[in-house]
Amino acid sequence: MYNNTFSGSISPEIGNLKELSNLDLSRNQLSGPLPPTLWDLKNLQILNLFFNNINGKIPPQIGNLKMLQTLDLNTNQLHGDLPHTISNITSLIAINLYANNFSGSIPSDLGKYMPSLKFVSFSNNSFSGELPLELCSGLSLQLFSAHRNNFTGSLPTCFRNCLGLTRVRLEENRFTGNITDAFGVLPNLVYVALNNNQFIGEISPDWGECKNLTNLMMDGNRISGEIPPELGKLPELRLLSLGSNDLTGRIPTVLGNLTMLFTLNLSNNHLIGEVPRSLSSLKGLQYLDLSNNMLTGNISKELGSYEKLSSLDLSHNNLSGDIPFELGNLNSLQYLLDLSSNSLSGAIPQNLGKLSQLEILNVSHNHLSGRIPASLSSMVSLSSYDFSYNELTGPLPTGGVFQNASARSFVGNSGLCGKTGLSQCPTTDSSKSSKVNKKVIISVVVPVCGLLVIATIFAVLLCFRKTKTVSNGESSKLVIWERECKFTLEDIVKATDDFNEKYCIGRGGFGIVYKAILSTGKVVAIKKLNMSDSSVPATNRQSFENEIKMLTEVRHRNIIKLYGFCSSRDSLYLVYENIERGSLGKVLYGTEGEVELGWGRRVNTVRGVAHAIAYLHHDCSPPIVHRDISLNNILLDTDFEPRLADFGIARLLNTDSSNWTAVAGSYGYMAPELAQTMRVTDKCDVYSFGVVALEVMMGRHPGDLLSSLSSIKPSLSNDPEFFLKDVLDPRLEAPTGQAAAEVVLVVRVALACTQTKPEARPTMHPVAQELSTRTQGCLAEPLDSITINRVKNISL
């Protein structure tokens with residue numbers, strides 16, 4: 001009777017079913033307290049009431065259910081203490097009280113008489129006191145979760161001998177015990193979260209023997225001592241977070257052996273010495289935070305070799321020397337580059353201007369000299385920067401991101417000038433210099449003026465000769481507008497000051513994007529394509545024009561509106577509606593991704609993109625294959641509604657191909673078959689959509705996950721104990737209720753879309769339908785227990 005819409009309270013007549021062994025009323029809308037007659041069902045083995053609105057307390061009579069094996073009451077509104085009689089149910093295998101309002105302490109003998117107890121979850125309640133000392137005395141425990149409570153004291157010593165443990169989550173409590181010997185060598189352990197407690201002691205070398213460990217989080221405690229080099233022996237480790245402790249010594253060079261690592265956080269400790277060059281071997285690293293330590297030496301140029309790094313924080317150390325220009329090669333750097341509060345010197349490398357996706361740049365409180373490179377003006381995604389308290393000189397750059405710069409970002413540089421709040425830049429006004437150069441000026445100006453007069457005469461004659469050509473040659477200036485368009489090319493040229501650089505708001509693979517505010521107040525975005533009008537062969541021009549006209553007729557709420565197309569002075573322009581919030585990639589990897597882009601909005605984004613692609617594939621005639629679906633080609637409006645952009649452009653730019661099937665797309669989103677067939681089909685778009693959907697749910701690119709799924713070798717994703725929850729965006733709290741079901745559905749659909757063989761992928765119409773019609777219920781089991789392997793076949 002699970003997964004329905006039953007409401008009201010559980011009927012007391014349930015107690016008449018004396019032989020009942022399995023009662024599953026989960027994922028309904030039941031409310032009210034648990035009926036007293038429920039505890040008369042002495043043959044009951046499974047009691048699943050999760051995902052309802054049941055309130056009240058668990059009475060002592062629960063101890064009557066001597067045969068009970070599974071008790072799952074998660075995600076309700078139950079409160080009060082856990083009765084001591086629950087310890088008498090010796091047959092218990094699983095107990096899940098996650099996400100209720102329980103308080104008080106756990107019965108001290110819980111687990112002592114439960115030899116088969118495997119799964120325990122007390123998470124997201126208000127429990128206090130210490131954990132039962134003999135919780136895992138049966139040594140059968142596999143999964144233990146108690147995060148987000150008020151537990152105190154030390155951990156049960158029996159954890160050391162629970163060899164079957166796979167997951168332990170104790171974060172966000174008030175544990176104070178010594179962590180040094182709390183865990184032994186646990187060969188099956190995959191996930192450990194001890195962060196945000198008050199643990200003391202040192203990190204045991206035994207962790208290096210837990211060979212299956214993927215996540216080790218101990219940040220936010222009072223752990224001391226050095227980082228044991230044995231951690232470098234963990235071949236599956238993806239996330240290592242030891243920040244905000246009292247660690248000392250050097251960073252072990254053997255951490256460079258953790259080739260699967262994508263997050264390394266050692267910040268806010270007392271680490272000394274240089275940053276090991278071996279860390280440059282971590283090619284999959286996405287987040288690196290070594291800030292607030294006492295690290296010395298130079299910043300290694302090898303740091304510029306990280307292909308996937310999106311955030312780099314080396315601030316508040318004692319690093320010296322120049323900023324290596326190789327940091328400008330970090331093409332994936334999107335969120336943060338913070339080198340502040342060090343002793344860096346020399347000039348700011350012009351190469352940093354290549355970091356076009358970077359949002360936050362901080363080089364303040366150093367000894368940097370020279371000018372701020374003008375190339376930094378092209379960092380169109382930059383939303384925050386700080387150059388203060390250095391020894392910089394010269395005028396500030398005036399274009400791009402510096403156009404509306406605040407003086408606070410430049411204070412403490414006595415040699416900088418040109419901005420309100422800074423000194424005025426000096427002007428050359430020397431009478432002596434004027435006298436010296438007067439003769440030179442006259443000798444140059446006179447002949448130049450003469451040449452200009454001659455050139456003007458020739459130009460006038462040329463104009464008279466070509467008047468007829470221009471009047472009859474209007475077809476060389478191609479202009480195509482949609483029918484309701486209320487503006488002209490001249491309006492756009494005027495609004496952008498003839499496409500001045502200061503109106504540039506983005507650069508992509510297809511061209512440069514400008515923002516224009518027309519005289520009517522209407523705001524549009526103009527994309528100047530990376531091709532010229534003359535590059536369209538005469539044989540293809542009619543097809544080119546037909547393609548443009550077709551694209552202007554596309555109408556869908558999740559597709560950006562194309563107002564029209566025009567060519568001018570051998571340049572090609574597409575005119576779109578302007579979407580203020582910017583690309584999905586910028587939002588997802590910025591602060592909005594954590595604060596405002598919650599699970600509901602992420603699911604809605606994926607759903608909207610699915611409908612947009614389905615429209616292009618199935619409702620347009622002829623069908624339109626996008627060819628370049630990625631996070632940067634999906635825009636979000638002010639209400640976080642997605643709009644698919646750049647549809648059809650890849651085909652337009654391939655005008656020299658008779659069949660128009662040349663490969664297009666962004667690295668990391670292209671279907672694998674393109675490497676062999678070089679043929680673009682609708683299934684290529686399906687694959688790209690799947691990658692985007694996974695990235696939105698994971699908060700990082702899913703390349704490693706997809707590689708392991710397609711590998712014929714045993715891998716983490718095929719491990720039966722590799723949980724879906726471990727790949728979801730760790731910046732958000734785990735989804736619950738209907739949100740959890742929607743997230744699981746998105747991941748399941750995305751995995752189907754990213755299958756290696758194109759014929760195995762679905763088409764977009766059923767994908768869009770499923771995402772819209774199959775998200776009304778809740779999960780039949782806790783999200784904590786769902787593995788990647790099972791996501792594909794889970795029942796919703």
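Q: Is Glu-236 buried or partly exposed?
A: Glu-236 is partly exposed, because its relative accessibility is 26%, which falls between the limits of 20% for buried and 50% for exposed. Please note that this is a predicted model.

Q: Which side chain does Glu-236 meet in a salt bridge?
A: Glu-236 meets Arg-238, with an N to O distance of 2.9 Å.

Q: And Arg-238, buried or exposed?
A: Arg-238 counts as buried, at 12% relative accessibility.

Q: What about Arg-169, which residue does it meet?
A: The side chain of Arg-169 forms a salt bridge with that of Glu-171, at 2.3 Å from N to O. Arg-169 and Glu-171 are both buried.

Q: What is the N to O distance for Asp-784 and Lys-725?
A: The side chains of Asp-784 and Lys-725 meet at 2.7 Å, N to O, in a salt bridge.

Q: Where do Asp-784 and Lys-725 lie?
A: Asp-784 is in the loop between helix 12 (764-773) and helix 13 (788-791), and Lys-725 is in the loop between helix 10 (703-710) and helix 11 (737-753), so the pair ties together parts that are 59 residues apart in sequence. Asp-784 counts as buried at 11% relative accessibility, and Lys-725 is buried with a relative accessible area of 10%.

Q: Changing topic: how many disulfides?
A: The count is two disulfides. Counting bonded cysteines along the chain, the pattern is 1-2, 3-4.

Q: Which cysteine pairs with Cys-136?
A: Cys-136 forms a disulfide with Cys-158, and the sulfur atoms are 2.3 Å apart. The torsion about the S-S bond is about 100°, so this disulfide is right-handed.

Q: What does that pair tie together?
A: Cys-136 lies in the loop between strand 11 (126-129) and strand 12 (143-145), while Cys-158 lies in the loop between strand 13 (150-153) and strand 14 (167-169), so the link ties together parts that are 22 residues apart in sequence. Both cysteines, Cys-136 and Cys-158, are buried.

Q: And Cys-417, what is its partner?
A: Cys-417 forms a disulfide with Cys-425, the sulfur atoms being 2.2 Å apart. The link of Cys-417 and Cys-425 is right-handed as well, with 95° about the S-S bond. Cys-417 is buried at 5% relative accessibility, whereas Cys-425 is partly exposed at 27%.

Q: Now the helices: at what angle do helix 6 and helix 9 cross?
A: Helix 6 (residues 599-618) and helix 9 (residues 682-698) cross at roughly 175°, their axes coming within 10 Å. Helix 6 is therefore roughly antiparallel to helix 9, because the angle is over 145 degrees.

Q: Which residues make the contact?
A: On helix 6 they are Trp-599, Arg-602, Val-603, Val-606, Val-609, Ala-610, Ile-613 and His-617, and on helix 9 they are Asp-682, Asp-685, Phe-689, Ala-693, Val-696 and Met-697. They divide into ten nonpolar, one polar and three charged residues.

Notes
Residues are numbered from 1 along each chain as its sequence is written. This is a predicted model: local features need pLDDT of at least 70, side-chain atom pairs count only at pLDDT 80 or more; totals for chains, interfaces and linings use all residues. Side-chain values use heavy atoms; hydrogens and water are left out. A disulfide is a pair of cysteine sulfur atoms within 2.5 Å. Helices (H or I, at least four residues) and strands (E, at least two) are DSSP runs, numbered from the N terminus. Buried means under 20% relative accessible area, exposed over 50%, partly exposed in between (1.4 Å probe, protein chains only). Axes are lines fitted to C-alpha atoms, for helices over the stretch in contact, and angles run from 0 to 180 degrees between N-to-C directions. Angles under 35 degrees count as roughly parallel, over 145 as roughly antiparallel, 65 to 115 as roughly perpendicular and the rest as oblique. Contact means heavy atoms within 4.5 Å. Ala, Val, Leu, Ile, Met, Phe, Trp, Tyr, Cys and Pro count as nonpolar, Asp, Glu, Lys and Arg as charged, and the others, Gly among them, as polar. A salt bridge is a side-chain nitrogen of Lys or Arg within 4 Å of a carboxyl oxygen of Asp or Glu.
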